[in-house]
Amino acid sequence: MAASLDGTNGLTFNDNTRMGTANSLGTRNILFNADFRINQRAYVSAATLAAGAYGHDRFKAGASGGDYSFTQLASSTQVTIASGKSLIQVVEDKNVVGGSYVLSWTGTALARVGVNSATPSGTFVVSPLLITGQTAGTTMSVEFNAGTLNTAQLELGTVATPFERRPIGLELALCQRYYYKEPASAYHMAILDGSADFPSAFVYHPVEMRATPTTVFESLLRFDYNSGSASANFTPSGGTTAYVGNARLGVSRKNSISNAPASSNAQRNGQWDVQLSFSTEL
Amino acid sequence: MTTYKLTLNPQTGEAIGVCKDGVFGIPFDPANTDYQEYLAWLAEGNTPIPADIPPEPTCQELRATEYNLKSTGEQFGMMFDDRVNGTTAWVDWQDGIKAAIPKI
C-alpha cells in the first residue's frame, strides 16, 4: 500500500511519515535554523554562553546559561547542550496563528514551552510535545535542556511531521530578519557631517528586519573622503555608538569620534571601511 | 554596571536613541527589545548620561565652507577678469562672505 487516509492520522505514507492536516503542506516549521546550520555570531563550541546571549542564529541561552558543543557541518548539525544549561528560541508573534501546535526534535534533550508571550516553564518532556491554547499574534517560546539536539520543528496541528529542510539561502534570510553581521572590511557609502565629528555609514539591510535594529560597530577602520583638493582619510576611534534608521534602510552613526580631521563645516562624502551588526532579536 | 548614554541627531538636536555600555546603539523603537529593557531601566529610577553635543562651528569654519564653493582656479579666473576689466567681483565676493559671517 502506497498510502492510507483515515480520520485519526490523516494521510500516512508508505514510510510511515504522516500529514495530519492541510497545514502540513507548505512552510510548516516556525522555528528557524532548527538544524543549526547558521552561526553568524561565530559561537565557538563549548564557549560560555551567558543567560540571554545568542549562539547559533535564533537560539539564546536560558536563565542558567546555554553553553553547548558541536562540530559544525555544512548540513544539519547536532549540538550537545551542557549539563544545567538550556537553549531557547522565541517565535515572533506575527508567525503565530494560534490554536494547537506540536513540537518535535531529535536527540536526548528535553523541552518545554511558553505560550502567549510567557517564558518557558514547567517540566521538561520528551518529543513530541503537544501545545494547546496558543493565542494568535502572541509569541511562543521553546526551551531545550541538557542533551543532544537537532532538527527541532514547531508546527501547527497535533501530528508531528518530518523535519522540513529549507534551502540555506532561505534559512539565512529568515535568520537575518533578527540578526546579521556584515563581512569584515565592508565599504559603505558614508558622510561626515556637521563639524566632522559624526561620520555616518549608509546601510541597506539584506531583508526587512523585525524592528529598527540595535547596531554594534564590530570594527572601525578607515574613512576615506575628498578634502576639496585631494583625498584624505582618518580612522575613527573612541566615542560612543548611536543609530538612526528603520527596518529596511539604516543610517548608522558613530558619535563623537576623538580624532576627526580638523576641517570646515562642509559635509563630505566618502567611503567608510566598517563592519556593523544589527539585531532585532526577541 | 549598565550605562545608557543619550544620542542626538547632530543636525537637528533630536534625541534618536541611547547607547548601552558604549557598544550597543539602540533606537527609540517600542518593538526593539533592547529599547524595552532601557524603558524598564528608566522605570527603576535610573537616569541616562547626557548626549555628546557637537561643537558649534567656528567663524573660520563657516567662512571656509563658503570659500570652498568656488574652486581655486575659478577664483584665479575672477581675479584675472577683475584685473582686465577693472572690476572688483572677487573682492566683493570675499567681502560679502565676511559681512555675512562676522567674526565672533
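**Largest pocket**

The space in the largest pocket comes to about 910 Å³, where the volume is the space filled by probe spheres set on the grid points, which are joined across faces, edges and corners. Of the 37 residues that line the largest pocket, A:Gly52, A:Ala53, A:Tyr54, A:Glu281 and B:Asp34 are the closest to its centre.

**How I read the model**

Residues are numbered from 1 along each chain as its sequence is written, while chains are lettered from A and ligands numbered from 1 in the order in which they are written. Because the model is predicted, local features need pLDDT of at least 70 and side-chain atom pairs count only at pLDDT 80 or more, whereas totals for chains, interfaces and linings use all residues, and side-chain values use heavy atoms, with hydrogens and water left out.

**Chain A as a whole**

I counted one helix and 20 strands in chain A. Of its 282 residues, 52% count as buried, which means under 20% relative accessible area, with exposed being over 50% and partly exposed in between (1.4 Å probe, protein chains only). Among contacts (heavy atoms within 4.5 Å) in chain A between residues at least 6 apart in sequence, 69% join residues at least 24 apart.

I looked at A:Gln275, which sits in strand E20 and is buried, with a relative accessible area of 12%. Its side chain reaches the backbone oxygen of A:Glu182 at 2.8 Å, and among the residues that A:Gln275 touches are A:Lys181, A:Pro183, A:Val216 and A:Phe217.

Next I turned to A:His205, in the loop between strand E15 (198-204) and strand E16 (214-226); A:His205 is buried at 1%, and its side chain makes a polar contact of 2.8 Å with the side chain of A:Tyr180. By polar contact I mean a pair of N or O atoms within 3.5 Å; within protein, one must be able to donate a hydrogen and the other to accept it, and residues adjacent in sequence count only if both atoms are side-chain atoms.

A:Asp57 lies in the loop between strand E3 (18-19) and E4 of chain A and is buried, with a relative accessible area of 1%. I found a polar contact of 2.6 Å between the side chains of A:Asp57 and A:Gln40, and the residues touching A:Asp57 include A:Phe32, A:Arg41, A:Cys175 and A:Tyr179.

**Backbone details**

I noted a cis peptide bond between A:Ser127 and A:Pro128, with omega about -5 degrees; A:Pro128 is in the loop between strand E9 (111-114) and strand E10 (129-134). A:Thr151, although not a glycine, has a positive phi of about 40 degrees; A:Thr151 is in strand E12 (residues 147-156) and is buried at 11% relative accessibility. In chain B, B:Asp21 has a positive phi near 55 degrees; B:Asp21 is in the loop between strand E2 (15-20) and E3 and is partly exposed at 35%.

**Chain B**

I read that chain B is divided into domain 1 (4-43) and domain 2 (59-100), bounds that come from an automatic or database domain assignment, and that the C-alpha centres of these domains lie 44 Å apart. B:Ile26, in strand E3 (residues 24-27), is buried at 0%, and the residues it touches include A:Thr214 of chain A as well as B:Tyr4, B:Val18 and B:Asp34. The C-alpha atoms of B:Ile26 and B:Phe80, 54 residues apart along the chain, are separated by 55 Å.

Technical notes: Helix = DSSP H or I, 4+ residues; strand = E, 2+ residues; numbered from the N terminus. 1 Å grid on protein atoms, 1.4 Å probe; cavity = no way out; pocket = protein on both sides within 12 Å on 5 of 7 lines; lining within 4 Å. Lists of a residue's contacts leave out its neighbours within four places in sequence.
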